[in-house]
Amino acid sequence: MPPSKSSSSSSKRPAAENDPSISPPPLKRKAQSVISKAAVANFFTPTSQKPKERTTWTERSPHGDTPATLLVAKYVPDGAEEEPLPKRRKIAAFDLDSTLITTASGKKHSDDATDWKWWDRCVPMRLKQLFEEGYRVVIFTNQGGLTLHPDPKSKAPKNLGKNRVASFRQKCSSVLAQLDLPLTLYAATAKDIYRKPRTGMWKEMCDDYDLREEDIDLENSIFVGDAGGRMAQLKGAAAVPKDFSCSDRNLAHNVGIEFQTPEEFFLGEQPREFARDFDLVNFPFAGEGEGEGEDVVKFEKKNDTEIVLFCGPPGAGKSTFYWEHLKPLGYERVNQDTLKSKVKCFQVATDFLRDGESVAIDNTNPDPDIRAQWVELAQKNKVPIRCVWFRTPIQLCEHNDAVRSMNKSLNPESRPSLPKLAFNGFSSRFKEPKLKEGFQEIVEVDFKFRGTKEEYEVWGRYWL
């Protein structure tokens, strides 16, 4: 009987290969190295002879005593270390995600450094054309998902933040290398002065390129971004969703340059209708010295001793109203932000009333239950209580809070910015004050900016 193929094959193998006592068995083929000759050569190349890294990364802080929140990448092509004068006066600024690039995977967000592609294939060519036309090309991007210096007290995994920053830097280095243009990318990672539409990144750009305000050709400069406040619409049979915000359009407004969306700038599409949640056009500068108009509240003291209870959201202008109208009339201020507890507020207010002093309760007091406690205090001390109702819209209050927290000149009490929860919490609890709650009178106050032209130039920008 002829031998089977398996037995025949086995008989031809070397004895060592068939011996199970030998471990590991000899390899039949030579292993292929995964290390290229170029990599080996580069390893042994002196540092002075290696190609220079074209992208330089730095971090910056809004204040000298705070952690860095701005990530800056400066790309300099080979042989372009020094740019000839004169300075480039026209600025072509771009958002990054959904403007210059998008994810290759189709995901909304991606932490993978390689998951990107150009938003449109014309993007690199168009940016190179702008540079050739004498524009200074820069990138301004909000990157709230990054944390440069995590809070050491945070319980979040420490490596997670580092990995995200490293992945972002790797992606941006690849984008800049493919563009191969002298440009700087600014990435704001926190809700501070750098975050669009605030102008911190624009000011950093001006400092980096030694540009004064009068040096820049604002009329011919432009900012391109996808956050344009565009409203939802139908495009054929498909629904085009509204923009997630208006921050890019508002940044362009703040610095005084033209704004376009990527579809308008790169594809030549017509502008879509847009809307802002809060529009400064509704709050123009009234002019200095216009404090005697019919719209100005005439607050008068109507009782020898009384309680004046404020009702309104954070940032509604309550404290400003106190200092301008009630303090000159001799009212003492009770404020929970300074006294730290409601119990302390009632204690201090009671002491003032017993001394015959009128008091202003400078808190939000959103609902009848809270207001009832102050009505009860007034009855207990046998004094009248009036209510001043600040009818300021929540979006405007958030704007005021941002202006106050970001500008020391408009923040005499050094108040920090408030979380979104503070405004949402007031809205969920608010009930319009009524005379039947026990008030002698309700004075309604609508917001109107009152201040100098210089103060309005700060207030009259978009901060959210």
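This is a predicted model: local features need pLDDT of at least 70, side-chain atom pairs count only at pLDDT 80 or more; totals for chains, interfaces and linings use all residues.
Is Glu-263 buried, exposed or partly exposed?

The chain has a mean pLDDT of 87, with 84% of its residues at 70 or more.

Start with Glu-263. Its salt-bridge partner is Arg-230, and the closest N and O atoms are 2.9 Å apart. The two come from distant parts of the chain, 33 residues apart: Glu-263 sits in helix 8, residues 262-267, while Arg-230 is in the loop between strand 8 (222-224) and strand 9 (233-235). Back to the opening question: Glu-263 has a relative accessible area of 22%, so it counts as partly exposed, the cut-off for buried being under 20%. Arg-230 has 6% and is therefore buried.

Next, Arg-60 and Asp-208. They form a salt bridge, again with a closest N to O distance of 2.9 Å. This pair also links distant parts of the chain, with Arg-60 in strand 1 (residues 55-60) and Asp-208 in helix 6 (residues 200-208), 148 residues apart. Asp-208 is partly exposed, because its relative accessibility is 36%.

While we are on strand 1, look at Thr-55, which also belongs to that strand. Why is Thr-55 classed as buried? Because its relative accessibility is 7%, and buried means under 20%. Leaving out residues up to four places away in sequence, Thr-55 touches Ala-73, Lys-74, Tyr-75, Ser-173 and Leu-176.

Lys-420 is in helix 14, residues 420-429, and Glu-398 is in helix 13, residues 394-406, so the bridge ties together parts 22 residues apart in sequence. On accessibility, Lys-420 is at 47% and so counts as partly exposed. Glu-398 is at 13%, so it counts as buried.

Last, the network. Which residues are linked in a network of salt bridges? They are Lys-302, Glu-306, Arg-386 and Glu-441.

Methods. Residues are numbered from 1 along each chain as its sequence is written. Side-chain values use heavy atoms; hydrogens and water are left out. A salt bridge is a side-chain nitrogen of Lys or Arg within 4 Å of a carboxyl oxygen of Asp or Glu. Helices (H or I, at least four residues) and strands (E, at least two) are DSSP runs, numbered from the N terminus. Buried means under 20% relative accessible area, exposed over 50%, partly exposed in between (1.4 Å probe, protein chains only). pLDDT is the predictor's confidence in each residue, from 0 to 100. Contact means heavy atoms within 4.5 Å.
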